[in-house]
Amino acid sequence: MDSCVIPLRHGGLSLVQTTDFFYPLVEDPYMMGRIACANVLSDLYAMGITECDNMLMLLSVSQKMNEKERDQVMPLMMRGFRDAAEEAGTSVTGGQTVINPWIIIGGVASVVCQPSDFIMPDSAVPGDVLVLTKPLGTQVAVNAHQWLDIPEKWNKIKLVISREEVEQAYQEAMLNMATLNRTAAALMHKFNAHAATDITGFGIIGHARNLAQQQKNDVAFVIHNLPIISKMAAISKAGGNLFGLLQGTSSETSGGLLICLPREQAARFCAEMKSSRVGLSGAVGQDGGAGDGQQAWIIGIVEKGNRCARIIDKPRIIEVPYRGSVVSAQEGSNNNASPPEVQLT
C-alpha cells in the first residue's frame, strides 16, 4: 500500500502514515519544496484521506554548496514545502536536517482517522474503469529542459519541438507536480472508488501492476489511453523510445492518482474534478492558482483476470495542452474519452 495503516489501542482509530524523499529535479528551489510536499501527501490521498494531522520535513544540505548557495537555496525549498503543507490544511512541526553529498528533500505525513476516512486499495471489480488525474510525461519534460544546454541531446529532439515549447512543457510539468491530489481523494468517497494508487517512480504500468496484485478479486487492468503532456510523446519517439514513456515505464514525480471507479460514476468524477476550483497545490475553494479545476481521464478498464496490468499495443495518445492553451483544449480535445469497450455518457 502507499501508506501504512496501524490500528491504535483507542476507540477503533488507526494511524495512517507515509514517508518519501528524493533529489531535486527542477531548477526552482521553492517549487522543488512544493513538489516534495505534494509527493509525500499523495500517499495519503491515494487512500482517500483528505486531512493530514502532522508533517515532518527531511532535509539534506549538500556539502558541495558554499555558504551563499546554502543560504539562498535551502530556505526557499523549506518555504515551498511549508506553503504546500499549509494549503493542504496541515503544518510542519519538526523533522531532521543533515549534511550530505547531495541535496535531498522529503518528509513524513501522519493522520489519525476512523475506518470510514480511508479506502483500502483492494476492491476493484470487473466492469470498473480506470481514471487518471494528472498527465504523464514529467520525466521527459524535465530532461528536455536540461537538454536545451546540451547540444548533442538537443539535436536529437529539436526537429519535433521548439525551445519555447520545451520551456512551456517544463512549466506545465512543474505545475502538475506541485498540485495536490486532495480534490481527487475527496471525490473518491463521493463516487465510491474501489481502489487507487499514486503514479510515481515506477511509471503508470509499474504502479498499475502493483495495484492489480493487491486486489481481492481476480481482475486485470487494461490501459487504452495515455494522457501525456503535449509534445512529450514526440520527444520520446525522436529520442529512440526515450524513458519508455509510451510503454508506461517512464518515471513520474508527484503524479496523479490511478483510481478504479464504478463505470457509471467515472464520467461524473471527471466532470467534478474539472469543475472544482483549486489553488496551485490543489487546495479546494481557493482563488487564483490553477483556478479552473483539474482534468481527469478515463484511461482503461478492469476486467476478469489474474491480477496483472497491461497497455494495449497501440494506445491512444491524448495530447494534454499547456495551461496557456486551455481554450483550445476545451474546444478540441476529448478529455473524458473512454476506451473502445466502455461507452460512457
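Buried here means under 20% relative accessible area, exposed means over 50%, and partly exposed covers what falls in between (1.4 Å probe, protein chains only). By that cut-off W147 is buried, at 9% relative accessibility. The model is predicted, so to speak of local features takes pLDDT of at least 70 and side-chain atom pairs count only at pLDDT 80 or more, while totals for chains, interfaces and linings use all residues. Numbering starts from 1 along each chain as its sequence is written, and side-chain values use heavy atoms, with hydrogens and water left out.

**Aromatic pairs**

- Rings of Phe, Tyr and Trp (its six-membered ring) pair if their centres lie within 6.5 Å; planes under 30 degrees apart are stacked, over 60 edge-to-face, and the rest tilted.
- That rule gives three aromatic pairs.
- One of them is Y23 with W102, an edge-to-face pair at 6.4 Å centre to centre and 70° between the planes.
- Y23 sits in the loop between strand 2 (14-22) and helix 1 (29-45), and W102 in the loop between strand 4 (92-100) and strand 5 (104-113), so the pair ties together parts 79 residues apart in sequence.
- Helices (H or I, at least four residues) and strands (E, at least two) are DSSP runs, numbered from the N terminus.
- Y23 is partly exposed at 46%, and W102 is partly exposed at 48%.
- W147 and F243 make a stacked pair, because their ring centres are 6.5 Å apart and their planes are at 25°.
- W147 belongs to helix 3 (residues 138-147) and F243 to the loop between helix 8 (232-238) and strand 9 (257-261), so this pair links parts 96 residues apart in sequence.
- F243 is partly exposed, with a relative accessible area of 28%.

**Around N54**

- N54 is in strand 3 (residues 54-62) and is partly exposed at 22% relative accessibility.
- Beyond its neighbours within four places in sequence, N54 is in contact (heavy atoms within 4.5 Å) with T90, S91, T93, V108, A109 and S110.
- N54 and V92 are 38 residues apart in sequence, with 6.4 Å from C-alpha to C-alpha.

**R182**

- R182 lies in helix 6 (residues 182-190) and is buried, at 14% relative accessible area.
- A polar atom of the R182 side chain lies 3.4 Å from the backbone oxygen of E87.

Definitions and conventions:
Polar contact = N/O pair within 3.5 Å; in protein donor to acceptor, adjacent residues only side chain to side chain.
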